[in-house]
Amino acid sequence: EAIRGCFINCEGCSIPFKNGAMLRFRKVEEVIKDIKSMPFKEFYLTDDTVFLAGKRVRKYMEELMEATSEIDDIKIFAASTMMQPYDDEYLKIMAKGKVESVYTVFGYDRRSTELFTPGGSRENWDHCVDLAKRINDTGMHFFASFGVGFDYMDKSQFDLILEYSRDAGLDLAEFYIDRKSTRLNSSHRIR
């Protein structure tokens, strides 16, 4: 972990509840020391906030990615949401910093919620498709984690997920079920 907390407060997300709304940044030197002290060459930045928009996050991640770019033979797997910056320069910085894969969770943030809500805006759809393509174009890999069964969704969610995956050129995805959904109560168990 490099960053704790999140101010966005997406519905259903546990980060503000667990870690608070205020962002707290580990010293870059401490993160690099941890990476260098381990015998591994692949690392997972578990913070969903490393791709958040904002000057403080960007400045911190630019410093961290500059430092990781100087470590030989490492690969970084980073977590994110569709709230990440729509900024080619920032994506290039992440790729240069050895981020190989961007694990992007759908279902909680405002953009992905609208994406799979029937009647969502075409502008948001195009934005989300283009973002996945931009990530792949930098040499990083866009890895989608699609939430299904949220109360705001209906049966069309599955077709929308497939259409989005095709439009964005995705080749890797996982799926999770929203366990709090009132639609998936005990009489509607998925086997």
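## Burial and overall architecture

Of the 191 residues in the chain, 45% count as buried, a value that comes from a predicted model. The chain holds seven helices and seven strands, and these follow one another along the sequence in the pattern β-α-β-α-β-α-β-α-β-α-α-β-α-β. When contacts between residues at least 6 apart in sequence are considered, 75% of them join residues at least 24 apart.

## The contact of α2 with α3

The axes of α2 and α3 cross at roughly 35 degrees and come within 10 Å, and the crossing of these two helices is right-handed. On the α2 side the contact is made by Val-28, Val-31, Ile-32 and Ile-35, while α3 contributes Tyr-60, Glu-63, Leu-64, Ala-67 and Thr-68. Sorted by class, the residues in the contact of α2 with α3 are seven nonpolar, one polar and one charged.

## The contact of α6 with α7

A further helix pair is formed by α6, at residues 122-137, and α7, at residues 156-168, which pack at an angle of about 50 degrees with their axes 8 Å apart. The two helices are therefore oblique to each other, and the crossing of α6 and α7 is right-handed.

From α6, the residues Arg-122, Trp-125, Cys-128, Val-129, Ala-132 and Lys-133 meet Leu-160, Glu-163, Tyr-164, Asp-167 and Ala-168 of α7. By class, this contact of α6 with α7 has seven nonpolar and four charged residues, with no polar ones.

## Loop residues with positive phi

Most residues other than glycine have a negative phi. Against that background, Asp-73 has a positive phi of about 55 degrees although this residue is not a glycine. Asp-73 is placed in the loop between α3 and β4, the strand at residues 75-81, and its relative accessibility is 62%, so Asp-73 counts as exposed.

A positive phi is found as well in Lys-98, a residue other than glycine, where the value is near 85 degrees. The position of Lys-98 is in the loop that runs between α4, at residues 88-96, and β5, at residues 99-106.

Cys-6 is located in the loop between β1, at residues 3-4, and α1, at residues 15-19. Is Cys-6 buried or exposed? With a relative accessible area of 9%, Cys-6 is buried, since the cut-off for burial is under 20% relative accessible area. Cys-6 and Met-22 are 16 residues apart along the chain, and their C-alpha atoms are separated by 6.1 Å.

Conventions
Residues are numbered from 1 along each chain as its sequence is written. This is a predicted model: local features need pLDDT of at least 70, side-chain atom pairs count only at pLDDT 80 or more; totals for chains, interfaces and linings use all residues. Side-chain values use heavy atoms; hydrogens and water are left out. Axes are lines fitted to C-alpha atoms, for helices over the stretch in contact, and angles run from 0 to 180 degrees between N-to-C directions. Helices (H or I, at least four residues) and strands (E, at least two) are DSSP runs, numbered from the N terminus. Angles under 35 degrees count as roughly parallel, over 145 as roughly antiparallel, 65 to 115 as roughly perpendicular and the rest as oblique. A crossing is left-handed if the near helix is turned anticlockwise from the far one by less than a right angle, and right-handed if clockwise. Contact means heavy atoms within 4.5 Å. Ala, Val, Leu, Ile, Met, Phe, Trp, Tyr, Cys and Pro count as nonpolar, Asp, Glu, Lys and Arg as charged, and the others, Gly among them, as polar. Buried means under 20% relative accessible area, exposed over 50%, partly exposed in between (1.4 Å probe, protein chains only).
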